[in-house]
Amino acid sequence: MSNMTEEKPHLVRQAPQLPAGASVVVIGAGVTGLSAAWWLARDGVDVVVIDKGIVGAEASSRNGGGATHYQSPLFLEEQRLWPMMDDLLGYPTEYRPDRIIFATNPIHLRSYARIAENIRNLGFKVTDLDSKVVRELVPLAGRDNLGGIYVHTGGQANPQRTVQAYAWAAQDLGARIFQHMPALRIETAGGRAVSVVTPSGTIGCDHVVIAAGPQSEALARDVGLFMPLAAARAEMIVTEAVPLMKIGGVDGNGLYGRQTLRGNLAYGGGWHEWLPEQPLTGKVSRPSTPTVQHLALRVAQLFPGAAHLRVIRAWAGIVENTPDGRPVLDRPTGPGNVTVASMSGVGFGLSPAVGHALRDLVTEGRCTFTDIDKLCLSRFATLRPDWRSEKGWFTPATVTA
């Protein structure tokens, strides 16, 4: 296995030649597309994955690594699968269980109490914490913390290791991955998708999975689907290392993140820099922005014991956001052989369950383990074309007269 650091790109075996055809073409090699490919390959499906860059190049490897999405219909499957993922994939994800969320103001404390109630209602244990216990479990927390909750499920994993694990595990099962291979368009005939066009040739297929992040909107239009998405840049910071805390996943102050196994604090959350529609090909420049400074301030507020640490790296990844903030997982009746997936910023933690759901949609036509009807694409059928303007989802500096 590779001895890569967390922030370096992943190395996967590049398939030697673009095939003329495959049973399923997955567009997008983030965690969603790779998990779907792995689940399909487990069933012996002939699957090809293509991506305009390298695997996990965007938000899939640039996120807080959290795995506690209690509001999702996929939550139970997420919780069932994560503790098994290292064994199932055969490669490490650095998964660690449990999560602490603590408050620095009364509004957040009330919000966390509601989170605890919701998770308990789903059958999982949550322990209420007073300020003293928070400091015992999170030595970096300040004395003025107001307490919080200890969620005895969920947890966190290493996003870069996990993307790498999905890619290698899918390849071990016969999936073929082509990096730097953008999907230029999806071709149709007789009302169905029949092929995916790339710069190096056309791949015929029986089914297409669109999991291309912000590029999914344009690709969905090729097959007559309206998939409203707004691209945004999400940033994270990484600090110097400190001694490992008992629980690696600690949230609060509007932040999400984790402590890495090396001891670094990796955190993001908050304001998005909204971007125009993303091109199907080419690279997007992502220089540092004032968001990094704001993140550093809020990490210092959450962890006064870490306020002296230097920020040693900053990450930026492009995420796509649906108008209502919920994912899209659907196999629309028209064209019928296209499955769409957009995770609206929560793709990493849900990826084991999402891959399972996508496998089901492709092979069974429905999700077999939970009801995902509320994630269907048709909920946007009456959405106004200027929905982004109505929501104010534009960064002021990018708006033109």
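L140 touches V242, M245, L265, L302, F303, P304, G305 and A306, residues up to four places away in sequence being left out of account; contact here means heavy atoms within 4.5 Å. The residue is found in the loop between α5 (131-137) and β5, where helices (H or I, at least four residues) and strands (E, at least two) are DSSP runs numbered from the N terminus. With a relative accessibility of 11%, L140 counts as buried, a class defined as under 20% relative accessible area, with exposed over 50% and partly exposed in between (1.4 Å probe, protein chains only). L140 and V338 are separated by 198 residues in sequence and, C-alpha to C-alpha, by 48 Å in space. The model is predicted, so that local features need pLDDT of at least 70 and side-chain atom pairs count only at pLDDT 80 or more, whereas totals for chains, interfaces and linings use all residues. Residues are numbered from 1 along each chain as its sequence is written, and side-chain values use heavy atoms, with hydrogens and water left out.

Apart from neighbours within four places in sequence, T153 is in contact with T68, F75, Q79, D98, R99 and F124. The C-alpha atoms of T153 and A67 are 8.8 Å apart, although 86 residues separate the two in sequence.

Helix α1 (residues 31-42) packs with helix α6 (residues 159-172) at an angle of about 30°, the axes being 9 Å apart. Axes are lines fitted to C-alpha atoms, for helices over the stretch in contact, and angles run from 0 to 180 degrees between N-to-C directions. The two helices are therefore roughly parallel to each other, given that angles under 35 degrees count as roughly parallel, over 145 as roughly antiparallel, 65 to 115 as roughly perpendicular and the rest as oblique. On the α1 side the contact is made by V31, L34, S35, A37, W38 and A41, and on the α6 side by V163, Y166, A167, A169 and A170. By class, this contact has 10 nonpolar, one polar and no charged residues; Ala, Val, Leu, Ile, Met, Phe, Trp, Tyr, Cys and Pro count as nonpolar, Asp, Glu, Lys and Arg as charged, and the others, Gly among them, as polar.

Helix α9 (residues 347-363) packs with α1 at an angle of about 45°, with axes 7 Å apart, and the pair is therefore oblique. Residues V31, T32, S35, A36, W39 and L40 of α1 meet a set in α9 that includes F348, P352, L358 and R359. Of the 17 residues of α9, 16 are buried, so the helix is largely enclosed by the rest of the structure.

S344, in the loop between β17 and α9, has a phi near 50°, a positive value in a residue other than glycine, and is buried with a relative accessible area of 9%. Just after α9, G365 takes a positive phi of about 85°. E94, in the loop between α3 (85-89) and β3 (99-102), also has a positive phi, near 60°. The peptide bond from G334 to P335 is cis, with omega near 10°, and P335 lies in the loop between β16 (328-330) and β17 (338-342).
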